[in-house]
Amino acid sequence: MKPERKKDRRDFVRGAAAVLIGGAVMSAARSRSPRLVWQLDPEKCTQCGRCATHCVLAPSAVKCFHSYSICGYCDLCGGYLRPDAKSRDTGAENQLCPTAAITRTFIESPYYQYTIDEDLCIGCGICVKGCDVFGNGSMYMQVKHDLCVNCNECAIARSCPSDAFKRVPASDPYILKSDRERRIS
Amino acid sequence: MKKYVVPPLGGFSPTGFRLKAVRHALVCVFLLVGSSQAEFRFPMPEFVTGYTHPAVHTPAPSNAMVGWDIVVLVSTLTLAAIFVLKRRKRREIFLLTLFSMIYFGFWRNGCVCSVGSVQNIAAGICDSSYGVPFTVLVFFALPLVFALLFGRVFCAAVCPLGAIQEAVAVKPVKVPPAVEKVLSVFPYIYLGLAILSVAMGAGFIICQYDPFVGVFRMGASFSMLIFGGIMLVLGIFVARPYCRFLCPYGVLLNWASKLSLHHATITPTDCIQCTLCEDSCPYNAINEPTPAEAPESRGKGASRLGILILLVPVMVVFGVGVGSLLKEPLARMHPTVRLAERMAGEDLGRYSETNIESEAFRASDTPNEELYAEAVQLKAGFGRGGKWLGAFIGLVIGCKLIAVSILRKRTDYEPDRGTCFSCGRCYKYCPVKE
Ligand code: SF4
Ligand code: SF4
Ligand code: SF4
Ligand code: SF4
């Protein structure tokens, strides 16, 4: 083959390859979806504990959320107190949370507000389980998006036994249990 | 630290306190025992003190860096092309490599990377409901376009995975070319497996088994840290082990680079066959000139080529056979199949304990039959996919055999356009100056 012809053929194949790449990109992009981020569906979560251990970040980007608008403000909080707690006070030995990330604040008798300290929470879900079993389920897990690095495939999603993780639009990145919740970002 | 809010004094009496407490407790008990249909066990209290609940902290996902990532990608690719083709200085290429390692790797946590983007593209093609983010499209396409124009300049100085391996490759030894050829089939297998996994909805295995992302994030599961560590230690002596023997995106870059318009050359002008550069490439990517006289008669070569071409369909059929045998192990890539097997095993008393997955499944109240039916369907899918995978690997091996047996006439020392990473090591070995 003459060098000329060879060059022409190469140019042609190169053009074809470029078309192929373009085609792959176009067909992959045909569903114009918004930017997606990872979030977990609290209705599906079974508080297995993997959110604390399987995130690529340590501590995990998953934290406990508390929907105040559906909380019973109970004195005997299933999420705050150990089931075998001797007394209903703030003693460390009575608290369920391993890092003491929940603050109990007296509001008016007999109501108490429970506040999660995001910096302390490790996302273990122990309180969530307690609140789910004994309370209103106002405590639940969510991926915190100021922490999450939005992995291409979330490492927790891969190992979640309850299939709770999914991609959600970045414009609406939380699945809160109550839409009456006031939000700040 | 305990904070107590002191209740306002007005409007409260000790009896009032107690009454309310009793009522609350009563309501609670009533709700617990009486109506299981109630949405919440405990009613939301009506506060008399005017308490309003705090807001929930819902920070938005950060979007700030995404635009920068694309800007940095375009500029590093352009710089890499200039350094490789025009300035021809190993030192500059290496500095750019270090920058990419720090920016895309440590600073941006190694995500999203072009290597993994193959899976997003595959997911976008297979699943019409999955939209590939714009950044990922750019990260997939741009390095390939650059490879079509300038060779694998992305590998030279932009890819964070390549960069970290380049940084540790201090004492590279030569891998025997035959071993290199055999091992270079693995990226094709990996690529095929990754696409199969995405197509079947079994997850992104390239991300899962990325050995270096744990290093970039300074944390990963124990086994992945070990894998990353082994790769880095191995990488001291065998330069770029991941790139050469695993990277699935490298397969695409290899193809694109074979067609490249311009490509790195060892010599700035004309090769004088001094052989000085022969051993300079740690990647076996320098092709030597073909011997002047043909080592064998034309007829012999032609008949061998004929046999090899006939062998390709045989390899493909063989691949299909092997692929269909691998149906069961392949299907186990899918979590649903694993769960179904676990559930069946537990029901048959094969395990003494339940595991987290099976417990979660039982809690979901889905009937076992549904799970089994889904698993059977998935297995059938993996059966078909396995055959395609086998055929693909058979074809690749067949084509590689043909490529080895064809002697292209070459008079100069040249980098192999497919496998050369354009790292620039060979430049300084060439005594010819401009
Ligand atoms: S891994 Fe899944 S089930 Fe376990 S705590 Fe996280 S969301 Fe819940
Ligand atoms: S118990 Fe676990 S999930 Fe709940 S607040 Fe404490 S650390 Fe967070
Ligand atoms: S996407 Fe990554 S950082 Fe975010 S929660 Fe999942 S594993 Fe953690
Ligand atoms: S071969 Fe793969 S991992 Fe290596 S530099 Fe190229 S794209 Fe990156």
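Predicted model: local features only at pLDDT ≥ 70, side-chain atom pairs only at ≥ 80, totals over all residues.

Modeller: The size of an interface is often given as the accessible area lost when the parts come together. Chain A brings 71 residues to the contact and chain B brings 68 residues.

As to polar pairing, 22 residue pairs are in polar contact between chain A and chain B, with both residues at pLDDT 80 or more. Eight elements of chain A each supply at least two residues of its side that touches chain B: helix H1 (3-28), strand E1 (36-40), strand E2 (62-66), strand E3 (102-108), strand E4 (111-116), helix H3 (126-134), helix H4 (155-159) and strand E7 (183-184). Of these, H1(A) gives the most, with 11 residues. Sorted by class, the side of chain A that touches chain B comprises 33 nonpolar, 19 polar and 19 charged residues.

Between chain A and chain B the count is 1 salt bridge. It is formed by the side chains of Arg50(A) and Glu357(B), with an N to O distance of 2.6 Å. Over all chains, the structure holds 19 salt bridges. One of them joins the side chains of Arg104(A) and Asp75(A), at 2.8 Å from N to O. Arg104(A) belongs to strand E3 of chain A, while Asp75(A) sits in the loop between E2 and E3 of chain A, so this pair ties together parts that are 29 residues apart in sequence.

The loop between E2 and E3 of chain A also contains Tyr73(A). Tyr73(A) is not a glycine, yet its phi is positive, at about 50°. Most residues other than glycine have a negative phi, and most peptide bonds are trans. The bond from Ser109(A) to Pro110(A) is cis, with omega about -5°, and Pro110(A) is placed in the loop between E3 and E4 of chain A. The bond from Ala58(A) to Pro59(A) is likewise cis, with omega near -5°; Pro59(A) is found in the loop between helix H2 (50-54) and E2 of chain A.

Rolling a probe the size of a water molecule over the atoms shows where empty space is left. The structure holds 9 cavities of 30 Å³ or more, and the largest cavity contains about 140 Å³ of space. Its lining consists of 18 residues, of which Cys281(B), Cys420(B), Cys423(B), Gly424(B) and Cys426(B) lie nearest the centre. By class, the lining of the largest cavity is made up of 13 nonpolar, 4 polar and 1 charged residues.

Note on methods. Residues numbered from 1 in each chain as written. Chains lettered and ligands numbered in written order. Heavy atoms only, no water. 1 Å grid on protein atoms, 1.4 Å probe; cavity = no way out; pocket = protein on both sides within 12 Å on 5 of 7 lines; lining within 4 Å. Points joined across faces, edges and corners; volume = space filled by probe spheres on them. Nonpolar A, V, L, I, M, F, W, Y, C, P; charged D, E, K, R; others polar. Contact = heavy atoms within 4.5 Å. Salt bridge = Lys/Arg side-chain N within 4 Å of Asp/Glu carboxyl O. Polar contact = N/O pair within 3.5 Å; in protein donor to acceptor, adjacent residues only side chain to side chain. Helix = DSSP H or I, 4+ residues; strand = E, 2+ residues; numbered from the N terminus.
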